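The tour goes stop by stop.

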Amino acid sequence: MKTEFSLAQLADPDIQEADKILRKCVHCGFCTATCPTYVLLGDELDSPRGRIYLIKDMLENDRAPTQEVAKHIDRCLSCLACMTTCPSGVNYMHLVDQARVKVEEEYARPLPERFLRGVLAYVLPRPGVFRLGMIAARFAKPFAALLPGPTGATAPTFFDRVRAMLALAPARLPQPGPARGTIFPAEGEKRGRVALLQGCAQQVLSPGINQAAIRMLTRNGIEVVLVADEQCCGSLTHHMGRDDDALARARANTDAWTREAARGGLDAVLVTTSGCGTTIKDYGYMLREDAAYAAKAARVSALAKDVTEYLGSLDIAWPQDKNDLVVAYHSACSLQHGQKITQLPKELLSKSGFVVKDVPESHLCCGSAGTYNILQPGIAKRLRERKVANIASTKPDIISAGNIGCMVQIGSVASTDGTSVPVVHTIELLDWATGGPRPDALTSSMKGARIGNA
Ligand code: SF4
Ligand code: SF4
């Protein structure tokens, strides 16, 4: 694609980067076929190619985002299916990230929306505040029926969003997991040492996921550290265009993990929430212009691994017997499109004895996408219904996923149109099959399973 940035504009490193990305696009439109919003809405401006044109026009003309531009950028899930499909290697992620920052900084959103976004950006990255918010939401949930009725529209109202937010509150919250700063020693001969990202929403909604990872890793000779001064990875605010917050968190985590690596050595920074993993793997890019952090952040990005990626490199004693449980593997967008990890989780589940089924249309997002299911509830609901129907066609006993956002979106907590099939994290199944306890979500429904600790 031909671009027309002036020399003065190209002096800005962000514009230089956008120019490089735009020039790779050959307008072929292959990406439209796999873009969830185009598939649902059929509007070229809700396709990757359409959004690329909007962003190009906005940047070249140095124009503040209009309502129309903000609308189509906001509707993008950042699922990155377009990057998997694109034959020209267009880095849509870095382009839309830049556009989101411009929208956030230069577009005057209506006051109620600004307020809601501010609340989400403050609450979600802080586990203590998030826990209180979930408790408050649980009590407010019955009153959601008093709000004006859902519109199901692609232009959601403030009340549509509040209702979607309240719906996410579970009936009860599990006990918190182990404290920051805890070190879990390896069992037997020590073969490695890793930091495990504690996450923010996940540690409140499902601390059992990281506990399963800790058991599985220590059983296999890996020492696990919960780094004391680590914080939210910044993914949530990054995707809301709030780069000051996201970059501050990226710097703080870069420092925390660098210090830990110097203190005790780190073979990897492991992540059990693939949305966070995609962002941490991008720290090197996000901080590329920061002379004090660029090299350190690139080293941290190189250390970041999804937990399945790391387990795939270990010599694990897998069970000899097959079990009779059919697992539908839900491939989180951040894992398949963001990190290009597609086969490994399924291979590990198969080695653990499960019967693994692929889900039709697995390239299409479930609609979770960070805060998307709150901010765009109408589109998110349609994507959830489509995903749940596709999963149901495989007739699974269990659904496995590698991202808490997808687990909540697909499951029945947040919605009556969620699935009734138990949704568990892949690591919980791997841990169970190799000696750990049965995941909580499965306790009453897995009577036929032939697993040692069933
Ligand atoms: S990131 Fe997803 S929703 Fe956004 S343009 Fe690409 S395919 Fe479409
Ligand atoms: S597939 Fe790639 S090159 Fe083709 S229109 Fe989409 S982004 Fe551009």
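Select helix H14 (residues 243-264) and helix H17 (residues 294-303); they pack at an angle of about 75 degrees, with their axes 9 Å apart. Helices (H or I, at least four residues) and strands (E, at least two) are DSSP runs, numbered from the N terminus. Axes are lines fitted to C-alpha atoms, for helices over the stretch in contact, and angles run from 0 to 180 degrees between N-to-C directions. H14 and H17 are therefore roughly perpendicular to each other (under 35 degrees is roughly parallel, over 145 roughly antiparallel, 65 to 115 roughly perpendicular, the rest oblique).

Now show the side chains. From H14, Ala-250, Thr-254, Trp-257 and Thr-258 meet Lys-296, Ala-297, Val-300 and Leu-303 of H17. Contact requires C-beta atoms, placed from the backbone, within 7 Å. By class, this contact has 5 nonpolar, 2 polar and 1 charged residues (Ala, Val, Leu, Ile, Met, Phe, Trp, Tyr, Cys and Pro count as nonpolar; Asp, Glu, Lys and Arg as charged; the others, Gly among them, as polar).

The model is predicted: local features need pLDDT of at least 70, side-chain atom pairs count only at pLDDT 80 or more, and totals for chains, interfaces and linings use all residues. Residues are numbered from 1 along each chain as its sequence is written, while chains are lettered from A and ligands numbered from 1 in the order in which they are written.

Next, the sheet. Five strands form an open, mixed sheet in the order S1-S3-S2-S4-S5; two strands pair if DSSP finds at least two bridges between them. Strand S1 (183-184) and strand S5 (304-306) are at the edges with a single partner strand each, so one side of each has no neighbour in the sheet. Strand S4 (residues 268-271) runs parallel to S5, joined by 3 bridges. Pick Leu-270; its bridge partner in S5 is Lys-305.

Jump to Gly-405, in helix H23 (residues 404-410). Is Gly-405 buried or exposed? Gly-405 has 28 C-beta neighbours inside 10 Å, so it counts as buried (20 or more is buried, 12 or fewer exposed, in between partly exposed; C-beta atoms are placed from the backbone). Gly-405 touches Gly-275, Ser-368 and Gly-370, leaving aside residues up to four places away in sequence.

Last stop: ligand 2. Of the 14 residues around ligand 2, Cys-25, Cys-28, Cys-31, Cys-86 and Val-90 come nearest (near means a C-beta atom, placed from the backbone, within 6 Å). Helix H4 (48-60) and helix H6 (81-85) each supply at least two residues of this shell.

Methods:
Two residues are in contact if their C-beta atoms, placed from the backbone, lie within 7 Å.
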